[in-house]
Amino acid sequence: MSSFFGASTSTAAANSTSTDKDVEVADPPPDSISSLSFSSQADYLAVGSWDNSVRVYEVGTNGQTQGKAMYQHSGPVLDVCWNKDGNKIFSGGADNQAKMFDVTTGTAIQVAQHDAPVKVVRWVESPNMGVLATGSWDKTIKYWDLRAQQPVASVQLPERCYSFDVQYPLLVVGTAERHIQVFSLTNPATPYKTMVSPLKWQTRVVSCFTASQNSGFAVGSIEGRVAIQYVEDKDNGSNFSFKCHRKDTVPNSKDQGMVYAVNDISFHPVHGTFSTCGSDGTIHFWDKDARTRLKSFDINKDFPGPIACTGFNRNGNIFAYAISYDWSKGHSGMTPGHPNKLMLHACKDEEVKKRPRK
C-alpha cells in the first residue's frame, strides 16, 4: 500500500493525555470522523471521514502510526469495514455508493448502489460465501455478491437504516422511528423478529454481542441510555437498560439533567465486555453480565468534544476512538476549530476483563 502522508510523518508524536498516555494518530482526517474499523488480520485501521475519504493507517507495536493508503468517495464517507481476509476495505457514503478498496493493488471500485446515502456497510462471512451487506436511508438493506452487478437480495425496511451489525448468523437493524428488525442470515430476506426499541428516543447505534455469547445485541440512543436485548424469548428475563453519558446540571446534585447521545458501542473480541462513547466526550467500559462499569475515561479534560466512534483491534489490546464532531446538534453545532483527533488506547486486562458474577 503506497504511503499518502510522505516520509516526514511516518510515526505519530506519542502525545500523552491524562487518559494513561493514549497515543495520537499522526495526520488524522481534516473533517469529522464518521467511522473506524480494524482489520481482523493485522493492526491496520481504516477511517472514514466527512472529507469524502477513507484513510488506512498501520499501527506499530508502540502505537506509532503510519499512513498507508487513501481513496475517495464523491460525498462524505459514513461507514467502513473490512472483509474476513483483511485484504479488502468496504465503505459507504453520501454519494449513495459503496466502494471496495483492494489493499494489495491499491485500487478502489464501486460495488454497490442505493437511491440515498449508504449509512452502514458490513462484510457477511457465511459458511459457503462472503457477501457485502449495505444499509441505506432509502429504507433498504441490500446483499451483494461482488462478482455480480445487481444485489443478490434486497430487503425493504420500515424506515431509514441508521445502524446495523452482523454476528453470523445474526443481523440486527435499527432504523428511524425506533424500529428494530432482527434477521437470521440463513433466511436473509425475511425478518426473524420485528420490535420497537426498548428505549424511548431515536436509535443511534445497534451492536451485536460477540460470537461466544448468547445471541443478542446492545442498542444506544440519543438520550444517554443503552439497552441490552437477547434475541430469543426464553432469555427475555436478562434484558435490561441503563443510563450513561449523562451529567448533573448542578455538580454533585445527581439530577442527571444533561443528556447526551450514545454514539457507538464496541464489543471486546475476547472478553465480550463492551465500550460506549458519547457526545459528552466520555468513554465507558462495561460488563453486561455483572451489570457493572469497568472503567471510565473523561477525554474532555484534554480535548473538549464528542467521541464519534470507537473500535477494538482483533485481539482487543488496542482501543481506537475518534474525538470529532458527531452532528448531534446538526449543522449549527459544527463550529470552527472543532477538534479532530484519532486516539489509540492500550487496553489493560482490568479494564476489559469480566468481573466475577455476584
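**Salt bridges and strands**

Q: How many salt bridges does the structure hold?
A: The structure holds 17 salt bridges. The model is a predicted one.

Q: Take Lys 341: which side chain does it meet in a salt bridge?
A: Its partner is Glu 24, with an N to O distance of 3.1 Å. The pair links distant parts of the chain, since Lys 341 lies in strand S30 (residues 341-346) and Glu 24 in strand S1 (residues 23-24), 317 residues apart.

Q: Is Lys 341 buried or exposed? And what about Glu 24, buried or exposed?
A: Lys 341 is buried, because its relative accessible area is 19% and the cut-off for buried is under 20%. Glu 24 is buried as well, at 13%.

Q: Which side chain pairs with Lys 88?
A: Lys 88 forms a salt bridge with Asp 102 (3.8 Å, N to O). Here the link runs from strand S7 to strand S8 (residues 97-102), and the two residues are 14 apart. Both Lys 88 and Asp 102 are buried.

Q: And Arg 122, what does it meet?
A: The side chain of Arg 122 meets that of Asp 165 in a salt bridge of 3.1 Å, N to O. Arg 122 lies in strand S10 (residues 118-125) and Asp 165 in strand S14 (residues 161-167), so the pair ties together parts 43 residues apart in sequence.

Q: How accessible are Arg 122 and Asp 165?
A: Arg 122 is partly exposed, with a relative accessible area of 22%, whereas Asp 165 counts as buried at 12%.

Q: Which residues are linked in a network of salt bridges with Arg 122?
A: Asp 79 and Asp 165 are linked with Arg 122 in such a network.

Q: Changing topic: in what order do the strands of the open sheet come?
A: The order is S6-S7-S8-S9, 4 strands with antiparallel pairing. Strands S6 (77-82) and S9 (107-113) stand at the edges; each has a single partner strand, so one side of each is left without a neighbour in the sheet. From one strand to the next, the twist averages 25°.

Q: How many bridges join S6 to S7?
A: Strand S6 and strand S7 (residues 88-93) run antiparallel and are joined by 5 bridges. Val 80 stands opposite Ser 91 in S7.

Q: What about S21, which of its residues are on the covered face?
A: In S21 (residues 240-243), Phe 240 and Phe 242 form the covered face, while Ser 241 and Lys 243 form the uncovered one. Strand S20 (residues 225-230) runs antiparallel to S21, with 4 bridges between them. Ser 241 is the bridge partner of Ala 227.

Methods:
Residues are numbered from 1 along each chain as its sequence is written. This is a predicted model: local features need pLDDT of at least 70, side-chain atom pairs count only at pLDDT 80 or more; totals for chains, interfaces and linings use all residues. Side-chain values use heavy atoms; hydrogens and water are left out. Buried means under 20% relative accessible area, exposed over 50%, partly exposed in between (1.4 Å probe, protein chains only). Two strands pair if DSSP finds at least two bridges between them. Axes are lines fitted to C-alpha atoms, for helices over the stretch in contact, and angles run from 0 to 180 degrees between N-to-C directions. A salt bridge is a side-chain nitrogen of Lys or Arg within 4 Å of a carboxyl oxygen of Asp or Glu.
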